[in-house]
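Welcome, and thanks for taking a look at this one with me. Below are some numbered notes to read alongside the model.

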Amino acid sequence: MKVGFIGAGKAGCSLGRYFAVKGSVAELFVTGYYSLIEEEARWAAEFTQSMYFQSPDEVVLSSDAIILSTPDGAVSDVWDALDKRYVTGKIICHLSGSLSSDVFSGIGDCGAYPISIHPMFAFSNKESVYEQLQNVSFTLEGHEHAVSVWKNIFTKLGNPVALIEASVKGKYHAAASVLSNHVIAVLATGYELLLECGFSETEARFFSRTLVRDNVKHVIADGVVDALTGPIERADAGTVEKHLSVLSEEQRKLYQACGNRLLDIAREKNPDRNYGELQELLKT
């Protein structure tokens with residue numbers, strides 16, 4: 001299958017390079033790129049050893065599957081602008097985690113097959129993160145034919161695939177954002193507290209690296225209930241009260257919000273333990 005990209009951002013470039021390097025095992029070949037920023041499309045084409053296209057319709061004509069690797073807000077506009085005479089029989093894709101394949105309005109009347117393909121991965125750059133994609137899971141949602149084709153491709157590439165319904169895309173993306181971006185907010189608060197204790201920013205990350213890394217590994221391996229430790233799990237109200245007394249108002253709100261969720265997990269882990277005093281302390 002020949003796949004072309006409209007949009008040359010981090011996700012599109014990384015995925016294209018991944019396909020260019022590994023795609024032959026799935027009979028997948030990158031045709032090339034179009035972008036409103038010509039320089040970016042030319043760079044992406046060189047990066048993937050493919051073609052630079054001068055218009056979106058050229059991508060469609062040269063490809064069996066077209067990936068709209070644009071910002072979420074541009075997906076429907078790009079789709080609407082395509083010449084619908086050329087899309088018949090094509091698989092039309094986007095990479096948004098929050099949008100469903102329904103964003104391609106009227107696509108059924110065009111004889112094309114819509115799909116949303118979302119890698120559960122944070123693309124930090126264009127140049128090197130494609131090397132990590134072999135370990136990434138992908139979620140697929142869309143037309144039965146398109147889903148079947150792409151599920152087969154990712155399976156051959158060695159990537160785990162999950163199928164989801166259009167109705168849960170918003171909740172799915174919220175989950176991905178919490179697991180990725182919101183974790184950074186919690187870490188930032190922890191590092192901030194270490195800075196207030198006299199650590200430099202570099203020292204804060206360095207000295208806590210094993211604590212952070214091993215905890216995440218434990219959660220992934222064994223689940224949140226088994227991984228939970230600390231004063232809330234132990235029902236150590238004295239320690240929690242001391243924590244709350246030294247935090248700023250903003251830090252305290254985050255501690256209490258997270259603490260209440262941890263309290264639910266602690267009760268699941270230790271159903272016979274009394275957490276009443278902690279519940280009072282953690283009231284927001």
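1. Let us begin with exposure: a residue is called buried under 20% relative accessible area, exposed over 50%, and partly exposed in between, using a 1.4 Å probe and protein chains only. E38, at 40% relative accessibility, therefore counts as partly exposed. Across the chain, buried residues make up 39% of the 284 residues.

2. A word on the source: this is a predicted model, in which local features need pLDDT of at least 70, side-chain atom pairs count only at pLDDT 80 or more, and totals for chains, interfaces and linings use all residues. Residues are numbered from 1 along each chain as its sequence is written, and side-chain values use heavy atoms, with hydrogens and water left out.

3. Now the overall picture. The chain holds twelve helices and eight strands; these are DSSP runs numbered from the N terminus, with helices being H or I over at least four residues and strands being E over at least two. Its C-alpha trace spans about 70 × 40 × 35 Å along the principal axes. With contact meaning heavy atoms within 4.5 Å, 63% of the contacts between residues at least 6 apart in sequence join residues at least 24 apart.

4. How do α6 and α11 pack, in angle and in distance between their axes? Helix α6 (residues 169-196) meets helix α11 (residues 249-269) at an angle of about 130 degrees, and their axes are 11 Å apart. That makes α6 oblique to α11. For these values, axes are lines fitted to C-alpha atoms, for helices over the stretch in contact, and angles run from 0 to 180 degrees between N-to-C directions. Angles under 35 degrees count as roughly parallel, over 145 as roughly antiparallel, 65 to 115 as roughly perpendicular, and the rest as oblique.

5. Please look next at the residues in this pairing. On the α6 side they are A185, V186, T189, E192, L193 and E196, and they meet Q251, L254 and C258 in α11. By class, the contact of α6 with α11 has five nonpolar, two polar and two charged residues. Here Ala, Val, Leu, Ile, Met, Phe, Trp, Tyr, Cys and Pro count as nonpolar, Asp, Glu, Lys and Arg as charged, and the others, Gly among them, as polar.

6. Helix α11 has another partner to visit. Helix α10 (residues 237-245) packs with α11 at an angle of about 150 degrees, their axes 9 Å apart. That makes α10 roughly antiparallel to α11. V240, H243 and L244 in α10 meet R252, Y255 and Q256 in α11. The residues of this contact divide into three nonpolar, two polar and one charged.

7. On to charged pairs. Side chains of opposite charge can pair when their charged atoms come close. A salt bridge is taken as a side-chain nitrogen of Lys or Arg within 4 Å of a carboxyl oxygen of Asp or Glu, and the count by this rule comes to eight. One of them joins E38 and R42, whose closest N and O atoms are 2.7 Å apart. Both residues lie in helix α2 (residues 38-47), four residues apart, about one turn of the helix. R42 is partly exposed, with a relative accessible area of 42%.

8. D83 and R85 meet through their side chains at 2.6 Å, N to O; D83 is buried at 19% relative accessible area, whereas R85 is exposed at 63%. E249 and K253 meet at 3.6 Å, N to O. E249 and K253 both lie in helix α11, four residues apart, about one turn of the helix, and both are exposed.

9. Please also check the backbone at two loop residues. Most residues other than glycine have a negative phi. E27 has a positive phi of about 55 degrees although it is not a glycine; E27 lies in the loop between α1 (10-22) and β2 (29-34) and is exposed at 54%. Q49 likewise has a positive phi of about 55 degrees without being a glycine. Q49 sits in the loop between α2 and β3 (51-52) and is exposed at 74%.

10. Is L133 buried or exposed? L133 is buried, with a relative accessible area of 0%, and is found in the loop between β6 (113-119) and β7 (138-142). Not counting residues up to four places away in sequence, L133 touches S14, L15, Y18, F121, F123 and N159.
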